[in-house]
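Dear colleague,

I am passing on the structure below, together with some notes on how its chains meet. Please read the notes with the coordinates open beside you.

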Number of protein chains: 2
Amino acid sequence: MNENEIRAIVSRVLADMAGEKKEIPIESSARHVHLTKEAVEALFGKGAVLTKKRDLSQPGEFLSEQRLKLVTAKGEIANVAVLGPERKAVQVELSMTDCRSLGIKAPVNLSGDLNGAGSVYLVSENAVYDAKQSVIVAQNHIHMTPADAEYYGVKDSQSVKVTASTARPVTFDNVVIRVSPKFALAMHIDFDEANACCLGKDSTGKLSL
Amino acid sequence: MNENEIRAIVSRVLADMAGEKKEIPIESSARHVHLTKEAVEALFGKGAVLTKKRDLSQPGEFLSEQRLKLVTAKGEIANVAVLGPERKAVQVELSMTDCRSLGIKAPVNLSGDLNGAGSVYLVSENAVYDAKQSVIVAQNHIHMTPADAEYYGVKDSQSVKVTASTARPVTFDNVVIRVSPKFALAMHIDFDEANACCLGKDSTGKLSL
């Protein structure tokens, strides 16, 4: 067991003794695109695959070296990150601010739910891909393992509140718990929410029911 | 007494009977500039004054017909509103998103407090004005009359919580009460906060202590 793991246990025991649960790390997700294999080939050429630039906090997820431009009749946003690995559906996650600047009407949905999603053109150096019904504003959520869920006394799909311990304190009132043994403990919010609470590096939040 | 005034009284009485206080209208403030008389003349010419385009919700305040460009080494934002009447200090109110795009480090302050404020150049068609220590991110707040303060059981300068009744419910945890007989009841938040809670037209929020 390394020092960080021991520190984590000690901090958890101390919080338990005080009757408090340890706070949850909050990370802000920049706008990004998930692609299918078919979309990767359509945009980057036959046989192309997403190449890893660096790992993300959720195990298996990575930032690719590919970038795309988003285009609508109203505007464009260049240099948008593409995350890997490939998924079963193209999904574009934007902030409400981005949606307004592009003139896209998008719902606040959990990742994976494309009900009512907006549309946008994805543009690479070689091709244009019509990403119909792909754009959502990601519902904020907490990734956690089954052990974390037991510790916090919550279940998959449950809604909880999280109060950000930040310079401009805000409580997010409808945060969805997502449990999987593959996850690492982290709350994900978008840039609007991050700016609304003045999120800093290493910011955390207090979960309440 | 007109129909709207009667409606407001009936709705207040019904809320009282249910033991609930009526919700507070929430308005989002776009980025804007307040100028001194001296700055108005420096930017728009000797003898120039701000001309009214339309009244704002707070009595006496107005949107002027003048517009300015904000410029820093990192970027610029054009077509920024100038509010009237003139004030004793130049004050530029931006969202955290604006500050990031312009590379300005600005504090979250109540309007009127320029402690630690950031700097920006204001550019008109004729002149450039060096607005040193003028840029803040406005602390969210509620304008109310002394009668409103009595109704909600709060005092000037007190901090309260407000839960936005919106598509993406968020509780603002540190909202400052501002009381004056000149005010009209309204909570003011910036565009980041508005986008974080998906504020709509006619959105309201529930005050709690």
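A:Phe172 stands opposite B:Val170 in β12(B), and the two strands concerned, β12(A) and β12 of chain B (residues 170-179), pair in the antiparallel sense over 3 bridges (strands being DSSP runs of E of at least two residues, and helices runs of H or I of at least four, numbered from the N terminus; two strands pair if DSSP finds at least two bridges between them). This is a predicted model, in which local features need pLDDT of at least 70 and side-chain atom pairs count only at pLDDT 80 or more, while totals for chains, interfaces and linings use all residues. Residues are numbered from 1 along each chain as its sequence is written, chains are lettered from A in the order in which they are written, and side-chain values use heavy atoms, with hydrogens and water left out.

Between them, chain A and chain B bury about 1,700 Å², 52% of it on carbon and sulfur atoms (buried area is the accessible area, with a 1.4 Å probe, that two parts lose on being put together, summed over both). Of the area that chain A buries against chain B, A:Arg168, A:Asp173 and A:Asn195 supply 32%, more than any other three residues.

There are 4 salt bridges between the two chains (a side-chain nitrogen of Lys or Arg within 4 Å of a carboxyl oxygen of Asp or Glu), and A:Arg168 forms one with B:Asp190, where the closest N and O atoms are 3.3 Å apart. The elements that give two or more residues to the side of chain A touching chain B are α3 (96-102), β9 (128-138), β12 (170-179) and α5 (191-196), and the largest share, 5 residues, comes from β12(A).

With best regards
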